[in-house]
Amino acid sequence: MVKTLLALSLLGAMFSCAKPWDNKYVKNVPSDTIKEYEHSYSGTMMWYITWYRIEKGEDGKLRLMYSKDCDPEITIYKCPDDALAKIDGFVREYKLWKLDNSYTPKFEILDGYMWHTSIVYEDASISTGGSNAWPPKNLQAGLSAIESYVQSIIDSATESDIIGTDTHQNR
């Protein structure tokens, strides 16, 4: 009798526990618009090889914050008004809501590169990342398309497109 109760208790606990990362994450085509986008890529020897975030500033306009090569200073750029809509287009084209929460290699690797991407909607988000592992090629192509788009904004920026600076300590 005690074994039966213990077994039922364990089964009940297993089936009643939801994975915390499933809460409010997009599992199909997002129905609302993106509020912010963030991506980081780092290595064990270098904190933030690249980091960027697109969000609305206090003035209601989009801004792109960017830092690279372990620099604690963040450069803040003017961002095209349609930048989040374009990123949403990539999410839909490449079906990025199908990304897993985490990607890891089959064998434990304690060095190498890590990445994280967060796409925040009004009522849900896509949060994904990896350590020495990437999603399948079709989903990775979508992430790469977004990275290329964001990098094109940075590469085409002029001095007049720089709004200011910040530091990672203030984030």
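Buried means under 20% relative accessible area, while over 50% counts as exposed and anything in between as partly exposed. Keep that rule handy for the exercises below, and remember that this is a predicted model.

**Exercise 1. Tyr 149 and its ring partner**

Work out whether Tyr 149 is buried or exposed, then sort out how its ring sits against that of Phe 90.

*Solution.* 
- Step 1: Start with the area. Tyr 149 has a relative accessible area of 13%, and the cut-off for buried is under 20%, so Tyr 149 is buried.
- Step 2: Now look at the rings. The centres of Phe 90 and Tyr 149 are 6.3 Å apart, with the planes at 50°.
- Step 3: Planes under 30 degrees apart would be stacked and over 60 edge-to-face, so this pair goes down as tilted.

**Exercise 2. A pair of tyrosines**

Find out how many aromatic pairs there are, and classify the one made by Tyr 41 and Tyr 113.

*Solution.* 
- Step 1: The count comes to six aromatic pairs.
- Step 2: For Tyr 41 and Tyr 113, the rings are 5.4 Å centre to centre with 10° between the planes, which makes the pair stacked.
- Step 3: Tyr 41 sits in strand β1 (residues 34-43) and Tyr 113 in strand β6 (residues 113-121), so the pair links parts of the chain 72 residues apart.
- Step 4: Check the areas. Tyr 41 is partly exposed at 24%, and Tyr 113 is partly exposed as well, at 45%.
- Step 5: Widen the view. Both tyrosines belong to one aromatic cluster, together with Tyr 103, Trp 115 and Trp 134.

**Exercise 3. Ile 154 and its contacts**

Say which residues Ile 154 touches, leaving out those up to four places away in sequence.

*Solution.* 
- Step 1: Locate Ile 154: helix α3, residues 137-156.
- Step 2: Ile 154 has a relative accessible area of 9%, so call it buried.
- Step 3: Its contacts are Leu 64, Tyr 66 and Tyr 77.
- Step 4: Take Leu 64. Along the chain it is 90 residues from Ile 154, yet their C-alpha atoms are separated by 8.4 Å.

**Exercise 4. Ser 127 and a polar partner**

Decide whether Ser 127 is buried, and name the side chain that joins it in a polar contact.

*Solution.* 
- Step 1: Ser 127 is part of strand β7, which covers residues 125-131.
- Step 2: Its relative accessibility is 17%, so Ser 127 counts as buried.
- Step 3: The partner is His 116, whose side chain makes a 3.0 Å polar contact with that of Ser 127.

Key
Residues are numbered from 1 along each chain as its sequence is written. This is a predicted model: local features need pLDDT of at least 70, side-chain atom pairs count only at pLDDT 80 or more; totals for chains, interfaces and linings use all residues. Side-chain values use heavy atoms; hydrogens and water are left out. Helices (H or I, at least four residues) and strands (E, at least two) are DSSP runs, numbered from the N terminus. Buried means under 20% relative accessible area, exposed over 50%, partly exposed in between (1.4 Å probe, protein chains only). A polar contact is a pair of N or O atoms within 3.5 Å; within protein, one must be able to donate a hydrogen and the other to accept it, and residues adjacent in sequence count only if both atoms are side-chain atoms. Contact means heavy atoms within 4.5 Å. Rings of Phe, Tyr and Trp (its six-membered ring) pair if their centres lie within 6.5 Å; planes under 30 degrees apart count as stacked, over 60 as edge-to-face and the rest as tilted.
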